[in-house]
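Subject: Structure handover

Hello,

Here is the structure for you to work with. Please open it next to this email.

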Amino acid sequence: METERAQALAEFVGWAGTHLSGDEKGEAHSFLDRMFRAFGHAGVQEAGATFEARIPKAEGRGKKFADLLWEGRVLIEMKKRGEDLRKHFRQALDYWTWITPKPPYVILCNFDEFWVYDFINQMDSPIDTVRLPDLPERWGPLAFLFPEPEKPTFGNDHIAVTRAAADHLVKCFNKLVDPKRAFGPVPREKAQRFMLQTLVALFAEDIGLLPKYLVAQLLEDCTSRQASFDLLGGLFTEMNTKGRTEGGRFSGVEFFNGGLFAEPARIELNLDEVDHLRTASKDDWSKVRPEIFGTLFEHSMDQEERHAFGAHFTTPADIMKIVRPTIVEPWREQIEGAKNLKQLADLRYRISTYTVLDPACGSGNFLYIAYRELKRLEARLYERIAELSGKADPTQRMLGLVTAQQFYGLDINPFAVELAKVTMMIARKLAIDELHITEDALPLDNLDANFKAMDALIDPNGLPAVWPQTDVIIGNPPFLGAKRLKPERGPDYVNAVRKAYPDVPGMAYYCVYWIRKAHDTLKPCTPDDPLTGRAGLVGTQNIRNNQSRVGGLDHVVKDGTIIEAVENQPWSGEANVHVSIANWVKSRAPLLLPPERQIWSQVSMSQRLPNKKFGNSKANSSSIDYGLNPRACDHINSSLSDQIDVAIAKILKCNVDPQRSFSGQVPGHEGFVLTPTEARDLLAARKENRKVIWPFLIGRDMLTGTGHPTKFVIDFQDIDVLSASAYVEPFTHVREHVLPTREQKAEQGKTSSGQQRSHHKQFLKYWWRHSFDRPEMIRLLSRMRRYIACSDTTKRPVFIFVSPSIRPDHKLRVFAFDDDYSFGILQSGAHWLWFVTKCSKLKSDYNYTSSSVYDPFPWPQSPTPAQVDAVAEAGREVRRVREEALKSITGGLRAVYRTLELPGKNPLKEAHARLDRAVLDAYGFDPKGDLLAQLLALNLEVARREQDGEPVTAPGVPPGYPEPDRLVTDDCIRAS
């Protein structure tokens, strides 16, 4: 097989050399078609690839077409023979940015070379290059082109090199600070300084800032602890000495700067520590990516058993979702739109004064990519000057308009700040090499005044922190939720932050403070300076919901405009975190804004949403995750959506009084929860125990199991301890399993003054009761024949009836209705759409909260008895079809509902469509209208009627309906 592959590829290479001159327009298709055949296909089209694939949006006017797009595999852009492919990097990146789904690889080819890119992970440079004559022997980097794609092997994988390099230094650092280290541990601050200086030296050796092999030779000569102290410490001293070392062991070493090396770190290294550094010196540090090295290094050094290759880092592709719309596109519009040399000269000055801040900079990866992109824009600016003047301007080019001094960073972690300085120092040399700039690389920039280790929100006096005044603010603030903030930072800190920022609600996520402060810090964007007043920040999904939205993005849109946003995506920088991204301009002037806004959303998610008009059978036809899909729109609201802004919906009094929607019980201790065997033993002890031992339904049993409870719970409700003790066996069980823990927690939770915290005190006071036993809910349910429940966390709520003899867990949302009509309204597409739009979101999870979903949801106001009957009957049919399906489908209701995502005839899909039509009719809504808009209008109308004292129809069976008991059938989940 290998011989056949080599022969086929050799024949292609020979044919291309004989028959093609390398004309892009006339021969690209022939070249690519023959190449596909050489890789085992019948041709390009037969493989499923497309010539001249239309790009949905690209920079500039007119249509854009890619030479070849093979969905899910590769984008190929051809250039004429001899063309410098570096000049076309930006075009390929722009094409790739706007393609959905994104191919994992991009190839630039000039008939002589293939440059293979992986833009997600390694945006700067090709992950490999293959010369056409070498293709028969070096097809490994293009192995993804075979009919059965193989894992490609790359020779320029910077991520792999970076992980390995970071790992070696982490091991050395951990040995230095190990308390069991021979001759004693090195103080942590000194060890960190030593590692940073070593890091720069290793980089410098391989990128031409230090004499070749100097560091490697020094490490080979470190044969004793004293030698390492003298040799490496001597190198750092020379790197801190102005001028150029004339002779001796450090001959040729130039002055780096007085910042990082102001205090040269001298350490006597043990031989095993030197070995790690020797291994690290063998890596090719010219291929180490500084924008991810810092993150890998920082996140690994505190984990004894964790290697750097296991750490997460934010990919360049994700960072560009902020840098591109906030920095690159505004600058590119100005550069490409300049009509004369005067305008370009003004831009040349402006780019030298342009400033960027990351107020949560970490190890500097956002700022590094912003710097790199600005250097590329600087290069393009000079090209435009040359185009209009007819000559280049090398004298001005030497000045290096963009410098690291224009970038500012804040972070609470001092070591991360030092890493960020190093990242930005190295960035300068790499930009010089990439763009062939003639400016001097040394000395490195001293960034001590630009990067500060500080709390970005409050100063030591508890006042709002002061940020540097810059043109642009970018970054990725901490993801802490409001409930985790106190445990992580302590109550005193949280109180100080809330006092300093009283306009941010207390339940807002931590990152919201950054959004608010960034907007307030920015200068407005004006016609005189359209490049300033811009920001782009990553946040948790909840920045577009509830109190987080009120504190942040609601404030932004008062005098600003969100120009591009990501609704929801997994974040590369953290495991199991889903984020939203907002890019905005501090202006509402149309002339300062792009003609269209862009929203990026996950295609698979939007395909699963209910059709707003109930008319599209394809709405649930696919579960394929196509990544992020761009959508042009006229506006983006503070929910990061272009849909009707339901944030203005009002809480309806008729929905909350009387209360009908509850969260289930929170036992608060596993000692209350029993296995069936434990429950059977306690129930057998005496008949009275049945009054306090109940089947306990959790979401997993409801959705993925048989539907019946697999656990039991001891629930004394609100009786006193004396009355509870009469149930001897259950009481003894709780006393033995729960009381000791609650006593322990109360003791551990005391404040520094010895006071018990209020919640620990309360839990201990009522130790025999659940943390939250929901007595109001239980009393209401006990008077009903059944109640409705759904899982709290779900993308599509699936509602069921449950017997009141079953206690619901807190992960269930409970609705105190027992009639089929109410079930039909809740299970309808109208309620699903309202839920999806209004619910709180974290990661990829949607959470049903009464305050945001149920309380403002308007019910039909004047349905006729016939319409009520139609909804009830359709709801019963949905349950009947589900029960029938469960007889043959394993995996419970969740598996049943996943069949809705598949194409083809489906009785459940038809039953839901019937229910949706009946509900739409009961509302009196226009089937062709915007359902969300109609629901919002009804909400506001009901709220107005309530305020004016007019009658409204509350949730449940409408008043006046004849014989409401007919709507209460007997199907429900019962205890087995």
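Below are the findings, from the overall fold down to single side chains.

**Confidence**
This is a predicted model. The average pLDDT is 89, and 93% of the residues score at least 70. Two stretches need care. Over residues 304-310 the pLDDT is below 50, and this stretch makes 16 contacts in the model beyond near neighbours in sequence. Residues 604-626 also have a pLDDT below 50, with 59 contacts beyond near neighbours in sequence. Where pLDDT is low, the predicted coordinates should not be read in detail.

**Overall fold**
The protein has 976 residues, and 57% of them count as buried. Its secondary structure comes to 36 helices and 25 strands. The C-alpha trace spans about 100 × 70 × 65 Å along its principal axes.

**Aromatic pairs**
A search of the whole structure finds 38 aromatic pairs. One of them joins Phe-236 and Phe-261. The ring centres are 6.1 Å apart and the planes make an angle of 45°, so the pair counts as tilted, between the cut-offs of 30 and 60 degrees. This pair links distant parts of the chain, 25 residues apart. Phe-236 is in helix α8 (residues 225-239), while Phe-261 is in the loop between α8 and α9 (271-281).

**Charges over rings**
Two cases for your list. The charged end of Lys-517 sits over the ring of Trp-467, 5.5 Å from the ring centre. Arg-786 places its charged end over the ring of Phe-801, 3.5 Å from the centre.

Look at helix α27, residues 739-748. Which of its residues are buried? They are Leu-739, Arg-742 and Ala-746. Seen down the axis of α27, the buried residues fall within an arc of 65°, so they line one face of the helix.

Best wishes

Technical notes: Residues are numbered from 1 along each chain as its sequence is written. This is a predicted model: local features need pLDDT of at least 70, side-chain atom pairs count only at pLDDT 80 or more; totals for chains, interfaces and linings use all residues. Side-chain values use heavy atoms; hydrogens and water are left out. Rings of Phe, Tyr and Trp (its six-membered ring) pair if their centres lie within 6.5 Å; planes under 30 degrees apart count as stacked, over 60 as edge-to-face and the rest as tilted. Helices (H or I, at least four residues) and strands (E, at least two) are DSSP runs, numbered from the N terminus. A charge sits over a ring if NZ of Lys or CZ of Arg is within 6 Å of the ring centre and within 35 degrees of the ring normal. pLDDT is the predictor's confidence in each residue, from 0 to 100. Contact means heavy atoms within 4.5 Å. Buried means under 20% relative accessible area, exposed over 50%, partly exposed in between (1.4 Å probe, protein chains only). The arc is that of the directions from the helix axis to the C-beta atoms.
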